[in-house]
Amino acid sequence: MTDAVKTPLHLWVVGILAILVNAFPAVDFILTQLENEFWLSPLTAGQRSFILGAPLWADICWALGGFGAFIGSVLLLFRSRHAVTAYFLSIAGLAGSTLYQHVLNGETTRALFQNVAIIVTAAIWVIMLALFFYARAMKAKGVLR
């Protein structure tokens, strides 16, 4: 007799959607750090300067947030309990990015990106908190091992 918990269908749906959504920040970080002209071409000179001129700690937070979210999503599909940790680290990175963009440089961020930056940041917070609590619930139910 096994104690295996059957994988609910919603885990596959959430996991696949999470990978699709969270692939973007990982790709965004890589292409921005490589200063890919095609990727950066929609930005104004001021926006580009702000993003590329971020301090190392802010870039580390951005990387932690983006890659943590993507890795957490992959781990969720693999039913790994470590998805919870990856999502937690992603939220820590998001907190650092939010601090840099909206607290320490709020006026600059608003001037360069208008209300779009705050709306996008709020949406990211909602998604990441939802994924974290979902993964935590799946771990508590024994779905994640």
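So, contacts to start with, meaning heavy atoms within 4.5 Å. Take the pairs at least 6 apart in sequence: 74% of those contacts join residues at least 24 apart.

Quick caveats. This is a predicted model, so local features need pLDDT of at least 70 and side-chain atom pairs pLDDT 80 or more, while totals for chains, interfaces and linings use all residues. Numbering starts from 1 along each chain as its sequence is written, and side-chain values use heavy atoms, with hydrogens and water left out.

On secondary structure, we have seven helices and zero strands, where helices are DSSP runs of H or I with at least four residues, and strands are E runs of at least two, numbered from the N terminus. The C-alpha atoms fill a box of roughly 65 × 30 × 25 Å along the principal axes.

Of the 145 residues, 38% are buried; that's under 20% relative accessible area, with exposed over 50% and partly exposed in between, using a 1.4 Å probe and protein chains only.

Now, how many salt bridges does a search of the whole structure find? One, taking a salt bridge as a side-chain nitrogen of Lys or Arg within 4 Å of a carboxyl oxygen of Asp or Glu. The partners are Arg48 and Glu37, at 3.0 Å, N to O. Arg48 sits in helix α3 (residues 45-52) and Glu37 in helix α2 (residues 37-40), so the pair ties together parts 11 residues apart in sequence. Arg48 is partly exposed at 21% relative accessibility, and Glu37 is partly exposed at 48%.
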